[in-house]
Amino acid sequence: MITFTLNGQPVTTDSAPTRRLSEVLREDLGLKGTKVGCDAGDCGSCTVLVDGRALCACLTPAARIAGAHVETVERETPELTRLRTAFLRHGAAQCGICTPGMLMAAVDLLRRNPTPSEAEASEALGGVLCRCTGYRKIIAAVCDTTDSAAITTGGVGTALQRIDGAAKVAGDLFGADVVPDGALTLKAIRSPHHHAAFTFGDLTAYAQRPGVAGVFTAADIPGLNRFGVIPPFADQPAIAPSPARFRGECVALVAFEPGVTPDLSDFPIHWQERPAQMIPAEAETSSHLIHDNRPGNRLTEGRVVKGDAAAALATSAHIVEGEITTAFVEHAYIEPEAGSAWMEGDVLNIRACTQAPVMDRDDTATILALPHDRVRIRPSAVGGGFGSKLDVSLQPLLGLVALKTGRPVRMTYTRQESMASTTKRHPAEIRGRIGCDATGRITAVAFEGRFDTGAYASWGPTVANRVPVHASGPYLTPHVHARARAIHTNGPVSGAFRGFGVPQAAIWQETLFDQLADKAGIDRLEFRILNALTDGDLSATGQVMQATGIRECLEALRPHWYRALAEAQGKPGRGVGLASCWYGCGNTSLPNPSTIRIGITPSGQIVLHQGATDIGQGSNTVIPQIAAQALGLPVELFHLIGPDTFLTPDAGKTSASRQTYVSGRAAHDTARALRSQILRLANASDAATLSLANGTLTVTEGTTRRDIALASQPIGEDGYVLLAEETYDPPTAPLDANGQGKPYAVYGYGAQLVELHVDRALGTVKLLKITAAHDVGRAINPQLAEGQIEGGIAQGIGLALMEEYLPGRTENLHDYLIPTTGDVPPIQSILLEIPDPEGPFGAKGLGEHVLIPTAPAILNAIRHATGAKITRLPALPHRIRAAILGAKP
Amino acid sequence: MLFARPDTLTQAIALRAQGMRVLSGGTDLYPGASAELSGDVLDLTAIPALRDMTQGPDGLRIGACTTWSDLVEADLPPALTALQQAALQVGGRQVQNAGTIGGNLCNASPAADGVPPLLVLDAVVELTGPTGARSLPLDQFIIGPRRTALAQGEILTAITLPHSALTGRSAFVKLGARAHLVISIAMVAVRISLEKGHISHCALAVGSCGPVACRLPRLEAAILGLTLSQALEQITPTALDALSPIDDIRATAAYRREAAAELLRRAVTEAA
């Protein structure tokens, strides 16, 4: 028995002496506020205080807390209350998975130093990783010792604190944090090889071992053992039959009885490793086909052809040519995949982290041969997604076992399992040429991209189609020839990651633009402004552009640009770089609808059925703000339901920077429809104002006032007296064989300016400041928009300088590096509002745009500082040093 | 599975003789483990004698279970500045509060942050077994990646820094691809003394540039008696013949050798 003090209260536990304190707290004592991100001391999300000292609970043996005082995020103290408020006020919590660890590390700091400087806070929080925020708002919150209140009311344009924020700063409930009583523990057997055949030993005997509740293989799958985010390309088995096509692929499941420590060490499986195809260039000409029906291991190819690029380049005054190679990049959300499943009657319930509940339902139903109305997806809070939680991971696995056993079941991926088995950013090999005329106007872009799409299709087709559309950047380009092909290998599955291949393409295009500007003898910023797309211009796909904000973004950077150049002048190692982005919001030329429902109850509650998953970006706040503004009633009167596939209509997936625009527009239209109903009841015009109190809806127009007693209205089947539901689908048009058409209805724009210092002798980079100008159409919530910018920049920094996923080698968070507090410089956000007529109140998407310019702007600044041209990412110190040595003096 | 957390060294030695696995800070043992540690575990962290720092006849004795934070917070002479700087760069504060100097040595990672600063302090490890204690210079204790000279039944109980090594000033420089929580690409520790502008004593060590961190005796001899600027000229990649860096995911061998020389120049400058 171990007796200790937990948050001021005496506690006794019979936990094993070497049990991780994180397990003691979460499993034995039921306190789920302490999060587990790595079980290795790499992420700090399990930070607790033991006798006042911050420790990783995952590295602390239970025996060592005997007689000690353990403090967790569940503690209530004045300093924690103040910190929680400051986190909400500053927007320091996005997904919330790192928040408990950050809060406890901050408490540790503030007890030692009640008024820390920014540098001291950065140092003190250096042991906790965050993948969403870029740290700046967390540091600001920790240093803010005032007691001012956050904004809790206001319409569109208000920096309202997150509506779901209180849960985030208390320790939200993620996939691993709700466990049904009596749940089995599910573990996967995964391929240790990139490519290997396998056979099982005596599974029946294994299944009869004490503590084992069942063993499941591909043979147990009742439906079609195949999933995929794009149905025509669906090719990935939930549980693979032999052979396994990538390291980390699931080949069997073992369900353990509750309370049993899972041990898979002698699971009866025999592996026969086969030669693996790991290099896309070789895979293209190899006779070893990863999928028999895809010759040349080619999944698909996208192309955009406008005019005659070759001819235009031949007569261009200036031409640059270059290539760029990027690595697999891991999403590295701090929440490894987790969830649980159980049966309610004949309905399978799955509660797990996800970005796409309806797609989860559809894929799981197909795999388990269930009709859609027997699968209910109930998303947990999501501890970061960034694209990888669009594809199903453990949903069909949990579903299979709950269905087969009739028992509740839980599953939590280890960090290694999460990294090895889920999708990655596509490695890209891009080459081509860009030309301009003597005045600096772009003449043509010729782009050739090969993307390593890994073992299965996932979002490979999206990358192949999106990249050529965006390859010429937000610039008027009369002649374009862009081709991108997705090639299978036995590497990890490449899928969606914030930008769908466009960040890789922008690295190529924006770094070449700097070289071209130099050749043309034009300032790099002015060169971009000269070529910026403007309203009425034709894009690479022949689309007539509207609400085109790139020029405004670049012009907003102008004073910063010349200030930064002047400051860098004469200082060895100092560099200034710039890059732009554009990005189409929503699916590429494919239907992409969102539906939102709003009802008013007889007692006067406004219920927003909001099916858009909030993975930290803020749709739980932005969608209500839009709905409230459009309806004309205050946001705090709204009650949120969902997402839940039984309770919310389909608001699509949280991807493609579409929720604020598409679901927001659906919310806007729904709220407007509801408002029209109310106005009709009151015989009032749209000039009327609404108010709602004590079950009475009051419509006031001039001196006329009409009270609607909601309880006296007829009640519909849903229990609402007033109800509206509207769908919005972006008006796009298909792309023809040359990629001509209208792929997106709305584009967002941005440009970022990086100031840095390169240590020439070591090849290391110190970022000094990033200034980011983004055209968001309308900033529905400026604080959340800034949060997206800062978080996207942090991921762009990682992409540029440190992130490289190597299967089998960097499957943890100490060999795979993501930025820490000290790696993200001060960021100045400039929000520009060029309203788009399609977006709700003019709003455009932002989530992916923000990552795109960062990496090329960093590379451009490195070149400005040193002359070094980096052509392989990440730009690790040895690569920068080699490029410096190779640069002409 | 047995677990013991004795409060005397005698008990610990007796338990260790039974083959129990030693647990100190836990920062290297828990990664890779399941919900609890496997095997019989002997937790050394309740033994007061293993966690103190005392001046004795042989020098400064640092108990093996002294944490990084203990080192940072202790009032130590400038010769130990490098060790304190290293301590501040072992993981985050959470890891520094748990991880111990003895554990770092026994784990014997080529990238162990504690080793170069201890090498320049001429550290001697104290290994205690059933038949008593023996001493080994640190460079004879770590014999390869993840390999030490710890004999069966022994516990690393202390690190002793001889009086002669407690002089001069020291510096530690670590190179990685990010600001915090980084496994070094290369790192160096130096301890030097200057007399009338000339180097009167110097110790140089490099980590992450070979299977084990090592001193650079030839270069140390070469710069003895030189002025600082003369010494810096001598610290070149070609002078680092003792190193055997490799290409890996973090850097190339050639880069490491070059970077090690640069880091040494900076550390010498800082310590001078």
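Visitor: Which residue of β31(A) does A:Glu755 stand opposite?
Guide: In this predicted model, local features need pLDDT of at least 70 and side-chain atom pairs pLDDT 80 or more, while totals for chains, interfaces and linings use all residues. Residues are numbered from 1 along each chain as its sequence is written, with chains lettered from A and ligands numbered from 1 in written order. The residue of β31(A) opposite A:Glu755 is A:Lys769.

Visitor: Over how many bridges do β30(A) and β31(A) pair?
Guide: A strand is a DSSP run of E, at least two residues, numbered from the N terminus; two strands pair if DSSP finds at least two bridges between them. β30(A) covers residues 747-759, and its pairing with β31(A) is antiparallel, with a bridge count of 11.

Visitor: Which turn residue of the β30(A)-β31(A) hairpin has a positive phi?
Guide: Four residues lie between the two strands of this hairpin. The phi is about 75 degrees, and the residue is A:Gly763.

Visitor: What is the bridge partner of A:Thr771 in β32(A)?
Guide: β32(A), residues 827-832, runs parallel to β31(A), and six bridges join them. In β32(A), A:Thr771 is partnered by A:Gln828.
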